[in-house]
Amino acid sequence: MFRLTLRNLLARKLRLVMSGLSIVLGVAFLSGVLVFSNGLSTTFDGIIYGSTPDGVVRAKDFAEFDAGYSGTPTNVVTPENIADLEALPEVDRADGDIAGFGMSLLASDGTLVGGTGAPTLAFNCHDGPNMDGGSILELDNGRWPEGTDEIVLDNGAAENGVYELGDEVQLLAPYGDIQQTATLVGTAEFNGGGTAGATLLIFPTVGAQRLFLDGNDVYNRVSLTAAEGVSQEELTDAAEQVIPDDFEAATGDKVADESQAAIGEFLDIIKIFLLIFAGIAVLVGGFIILNTFSILVAQR
């Protein structure tokens with residue numbers, strides 16, 4: 001029986017190869033989808049936890065913050081607010097953050113870099129640590145920006161824009177002077193996860209204030225670092241006592257969980273979409289195998 005089966009298989013080599021190939025391709029497609037989605041989720045987790053401090057002071061309903069006619073947010077914290085936070089015994093340090101909305105990067109030939117999927121993130125840089133005590137950003141080449149007309153990009157943005165250190169980077173601002181330029185002085189990535197396709201526009205604090213806050217010495221939010229032995233809850237409870245009424249203090253874990261939940265919804269859609277195609281591939285492979293065995297039985 002074994003010799004008869006082997007002889008029949010070898011007599012129909014193409015049929016054998018097609019049946020085996022359908023199994024291999026279906027399983028490979030399904031395995032690839034699961035590996036890809038898991039790797040993407042791991043990358044985003046690394047970025048989230050590598051860029052989140054112990055605590056954050058942010059505007060209430062931050063996603064719908066109030067902004068003036070020029071696009072400048074009216075919910076801001078002042079250096080005096082930051083000084084009040086740093087004076088708390090539960091706070092080791094407080095760093096002002098500036099988030100720019102609507103800024104875009106143009107390549108050296110004038111075409112848009114990014115903007116079709118992953119977001120463009122514009123913000124100021126400082127050396128405040130994340131919740132694990134490491135740096136939020138890692139400098140790869142050059143130096144951090146210092147002058148108001150200097151900028152640091154991520155490696156992918158510099159490569160896609162065909163920019164090298166010392167080049168004049170072209171920017172599109174959402175308001176004010178639409179066309180802006182800045183000198184590229186370095187390239188950097190998020191600590192623990194690259195950028196996951198996002199375009200990073202990193203400015204010095206004074207440069208970010210000029211671009212996004214009309215040059216005022218204020219900030220959108222504050223990153224808090226807990227003093228030794230202080231929990232995140234103790235840190236935020238203390239911060240709540242001195243921050244403006246239109247701001248709230250959130251623990252780093254809460255901010256990270258919110259970010260994971262928001263990104264998880266997007267990743268789930270991608271995973272389901274790819275799994276549907278993987279299921280179709282397995283189903284087609286099953287039909288091929290079923291037809292093959294039907295022919296074999298009919299011939300026999």
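Among contacts in the protein chain between residues at least 6 apart in sequence, what percentage join residues at least 24 apart? The figure is 78%. Contact here means heavy atoms within 4.5 Å.

Some ground rules before we go on. This is a predicted model, where local features need pLDDT of at least 70, side-chain atom pairs count only at pLDDT 80 or more, and totals for chains, interfaces and linings use all residues. Residues are numbered from 1 along each chain as its sequence is written, and side-chain values use heavy atoms, with hydrogens and water left out.

Now the overview. The protein chain has 7 helices and 13 strands. Those are DSSP runs, numbered from the N terminus: helices are H or I with at least four residues, strands are E with at least two. The chain has 300 residues, and 38% of them count as buried. Buried means under 20% relative accessible area, exposed means over 50%, and partly exposed is in between, with a 1.4 Å probe and protein chains only. Accessible areas come from the Shrake-Rupley method with a 1.4 Å probe; for residues, only the protein chains shown count as cover.

Next, the aromatic pairs. How many does a search of the whole structure find? It finds 2 aromatic pairs. Rings of Phe, Tyr and Trp (its six-membered ring) pair if their centres lie within 6.5 Å; planes under 30 degrees apart are stacked, over 60 edge-to-face, and the rest tilted. Phe123 and Phe190 are stacked, at 6.3 Å centre to centre with 10° between the planes. This pair links distant parts of the chain. Phe123 sits in strand S6 (residues 120-124) and Phe190 in strand S10 (residues 179-190), 67 residues apart. Both Phe123 and Phe190 are buried. Phe203 and Phe212 make an edge-to-face pair, 6.0 Å centre to centre and 75° between the planes. Phe203 is buried at 1% relative accessibility. Phe212 is buried too, at 2%.

On to charges. The structure holds 6 salt bridges. A salt bridge is a side-chain nitrogen of Lys or Arg within 4 Å of a carboxyl oxygen of Asp or Glu. Look at Arg93. Its side chain meets Asp95 in a salt bridge, at 2.8 Å from N to O. Asp95 counts as buried because its relative accessibility is 10%. Arg93 counts as partly exposed, at 23%. Arg93 also has a salt bridge with Asp127, at 2.7 Å from N to O. That pair links distant parts of the chain: Arg93 is in strand S2 (residues 91-97), Asp127 is in the loop between S6 and S7, and they are 34 residues apart. Asp127 is exposed, with a relative accessible area of 61%.

Strand S2 also holds Asp97. Asp97 forms a salt bridge with Arg221, the closest N and O atoms being 3.0 Å apart. Arg221 lies in strand S12 (residues 221-226), 124 residues from Asp97. Buried or exposed: which is Asp97? Asp97 is buried, with a relative accessible area of 9%. Arg221 is partly exposed, at 24%. Elsewhere, Arg58, Glu248 and Glu258 are linked in a network of salt bridges.

Back to the loop between S6 and strand S7 (137-142), for Asn130. Asn130 counts as buried because its relative accessibility is 4%. A polar atom of its side chain lies 3.0 Å from the backbone oxygen of Gly50. The Asn130 side chain also reaches the backbone nitrogen of Asp132, at 3.0 Å. Such a polar contact is a pair of N or O atoms within 3.5 Å; within protein, one must be able to donate a hydrogen and the other to accept it, and residues adjacent in sequence count only if both atoms are side-chain atoms. Leaving out residues up to four places away in sequence, Asn130 touches several others, among them Tyr49, Pro53, Ile136 and Asn191.

Last stop: the surface. Phe29, Ile272, Phe273, Ile276, Phe277, Ile280 and Val284 form a nonpolar patch there, with about 670 Å² of accessible area together. Patches are made of residues with over 30% relative accessible area and no salt bridge: like charges are joined within 9 Å, nonpolar side chains (Val, Leu, Ile, Met, Phe, Trp, Tyr) within 5 Å. Which helix gives the most to the nonpolar patch? Helix H7 (residues 252-299) does, with 6 residues. Phe29 lies in helix H2 (residues 13-50). Phe29 is partly exposed, at 34% relative accessible area.
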